[in-house]
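Welcome! Here is a short tour for anyone meeting this structure for the first time. Take a look at the view below, then read on.

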Amino acid sequence: MEVKECMSTKVCYCTPNSSVKDAAKLMCDNHVGCIPVCNNENQIVGVITDRDVILRSIACDKDVCQTKVSDIMTCNPCCCTPDTTIDEAEKLMSGLQIRRIPVCDTNNKIVGIISLGDLAHHGKEVGTEHVCNTLENICNCNGNTKNAE
């Protein structure tokens with residue numbers, strides 16, 4: 001199975017010059033936790049997550065209305081193509097401990113996003129055990145959390 005068979009194709013994105021507040025609003029309005037950051041040619045230059053908003057701006061007392069996405073985004077994100085196999089996407093997610101991978105064409109233009117949720121939604125085709133293993137590898141806590149102490 002390939003990424004194009006289960007990726008989300010309706011992808012909202014922001015630009016590096018967008019404010020952190022605008023990116024957070026976009027996440028809220030679209031019920032997503034990660035937004036690709038694209039240049040004027042729709043080529044991906046980074047990603048911003050809800051966690052970035054909290055840890056790299058709010059927790060650092062940055063003004064979310066004035067701070068640009070480019071100041072807190074992750075540059076050069078891991079991406080895949082629509083033809084990438086699901087197995088390879090799962091390996092990337094597991095190895096890098098990420099829940100979402102932007103999907104780009106050969107010109108680095110955003111065409112979709114594949115998430116752990118997409119894999120779970122297609123669990124029968126992907127294999128439920130694969131999805132569970134990927135989630136466990138992403139979390140990589142081996143049953144131990146700081147809150148459990």
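This is a predicted model: local features need pLDDT of at least 70, side-chain atom pairs count only at pLDDT 80 or more; totals for chains, interfaces and linings use all residues.

## Reading the labels

## The three-stranded sheet

Let's begin with an open sheet of three strands, ordered β1-β2-β3 and paired in the antiparallel sense. Strands β1 (34–38) and β3 (74–75) stand at its edges with a single partner strand each, so one side of each has no neighbour in the sheet. Two bridges link β2 (residues 44–49) with β3, and Val47 stands opposite Thr74 in β3.

Two helices pack on this sheet. Helix α1 (residues 20–30) touches β1 and β2, and its direction makes about 130° with that of β1. Helix α2 touches β2 and β3, its direction making about 75° with that of β2.

## A nonpolar patch

Back to Ile54: is this residue buried or exposed, or something in between? Its relative accessibility is 46%, so Ile54 counts as partly exposed. Together with Leu55 and Ile58, Ile54 forms a nonpolar patch on the surface, with about 260 Å² of accessible area in total.

## The hairpin

Further along, β4 and β5 form a hairpin with five residues between them, and Asn108 in the turn has a positive phi of about 65°. The two strands run antiparallel, joined by five bridges; Val103 has Gly112 in β5 as its bridge partner. Strand β5 (residues 110–115) is mostly covered, with five of its six residues buried.

Methods:
Residues are numbered from 1 along each chain as its sequence is written. Side-chain values use heavy atoms; hydrogens and water are left out. Buried means under 20% relative accessible area, exposed over 50%, partly exposed in between (1.4 Å probe, protein chains only). Helices (H or I, at least four residues) and strands (E, at least two) are DSSP runs, numbered from the N terminus. Two strands pair if DSSP finds at least two bridges between them. Patches are made of residues with over 30% relative accessible area and no salt bridge: like charges are joined within 9 Å, nonpolar side chains (Val, Leu, Ile, Met, Phe, Trp, Tyr) within 5 Å. Accessible areas come from the Shrake-Rupley method with a 1.4 Å probe; for residues, only the protein chains shown count as cover. A salt bridge is a side-chain nitrogen of Lys or Arg within 4 Å of a carboxyl oxygen of Asp or Glu. Contact means heavy atoms within 4.5 Å. Axes are lines fitted to C-alpha atoms, for helices over the stretch in contact, and angles run from 0 to 180 degrees between N-to-C directions.
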